[in-house]
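Biologist: I would like to learn how to read strand pairing and aromatic contacts in a model of this kind. Could we go through them one after another, with the general idea first and the case at hand second?

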Amino acid sequence: LKKLEGAQNALCFSWGMAAINTLLFTILRTGDRVILAKDLYSGTTNLCLKYKTKFHLDVEMIDLRDLEKINYRSHTNMIFLESPSNPRIWLADIEALCRQAHARGALVALDNTFSTPLLQNPLALGADFVVYSTTKIIAGHGSRGGGAILFNNDRWLDELREQRTILGSIQKPLDA
């Protein structure tokens, strides 16, 4: 996965949602704002909406096809999207979105499960994190369970690895 994505770091997980859980709850802090793409995998959306009160997160869903609609605030920490999205196949300008988010101090995470690294490399377009449900297209859609986070910044490696272990979401050897 590292070679296919052109990533410096890759962590594998038991499931795609285990990767997303680990990423979001390692990076986000109490009071942070996370912008979710309006058309995003429902598991990710439901996770953020379920825990927004408990963790005092400011969660907003926006159609990221129009960059003018994004209202950054001082506590905006992350934008999480899929492009193309599932199920509507909405396309966001990933490169422009990453430039805009980084200029305002926000990280960008992209679920690339639908495209796979064979069709799109979000890290090369400026994304900070790429997540996959490797259970889907990469592993034959259900023949193995798995997920992954790929990224280039070593700043997060130890914390993400530790959180993966604490949550017990390490990928089983036979699924790897």
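Biologist: In which sense do strand 6 and strand 7 run, and how many bridges join them?

Modeller: Bear in mind that this is a predicted model. Strand 6 and strand 7 run antiparallel, and four bridges join them; within this pairing, Val-130 has Leu-150 of strand 7 as its bridge partner. With strand 5 (residues 107-111), by contrast, strand 6 pairs in the parallel sense, over three bridges, and there Leu-110 is the residue that stands opposite Val-130.

Biologist: Which way do the side chains of strand 6 point, and are they buried or exposed?

Modeller: The general idea is that side chains in a regular strand alternate between the two faces of the sheet. In strand 6, Phe-129 and Val-131 point one way while Val-130 and Tyr-132 point the other way, and all of these residues are buried.

Biologist: How many aromatic pairs does a search of the whole structure find, and why does the pair of Phe-129 and Trp-156 count as edge-to-face?

Modeller: The search finds five aromatic pairs. For edge-to-face, the planes have to be over 60 degrees apart; the planes of Phe-129 and Trp-156 stand at 65 degrees, with the ring centres 6.4 Å apart, and therefore this pair is edge-to-face. Phe-129 belongs to strand 6 (residues 129-132), whereas Trp-156 sits in the loop between strand 7 (147-151) and helix 6 (157-167), and the pair thus links distant parts of the chain, 27 residues apart. Both Phe-129 and Trp-156 are buried.

Biologist: What are the geometry and the setting of the pair formed by Phe-25 and Tyr-51?

Modeller: That pair is edge-to-face as well, at 5.8 Å centre to centre and with 80 degrees between the planes. Because Phe-25 lies in helix 2 (residues 16-27) and Tyr-51 in helix 3 (residues 42-51), the pair ties together parts that are 26 residues apart in sequence. As for accessibility, Phe-25 counts as partly exposed at 25%, and Tyr-51 is partly exposed too, with a relative accessible area of 27%. Phe-25 and Tyr-51 also form one aromatic cluster with Phe-55.

Biologist: Which charged residues lie over the faces of Tyr-51 and Trp-90, and at what distances?

Modeller: Over the face of Tyr-51 lies Lys-50, at 5.7 Å from the ring centre, and over the face of Trp-90 lies Arg-65, at 3.7 Å from the ring centre.

Conventions: Residues are numbered from 1 along each chain as its sequence is written. This is a predicted model: local features need pLDDT of at least 70, side-chain atom pairs count only at pLDDT 80 or more; totals for chains, interfaces and linings use all residues. Side-chain values use heavy atoms; hydrogens and water are left out. Rings of Phe, Tyr and Trp (its six-membered ring) pair if their centres lie within 6.5 Å; planes under 30 degrees apart count as stacked, over 60 as edge-to-face and the rest as tilted. Helices (H or I, at least four residues) and strands (E, at least two) are DSSP runs, numbered from the N terminus. Buried means under 20% relative accessible area, exposed over 50%, partly exposed in between (1.4 Å probe, protein chains only). A charge sits over a ring if NZ of Lys or CZ of Arg is within 6 Å of the ring centre and within 35 degrees of the ring normal. Two strands pair if DSSP finds at least two bridges between them.
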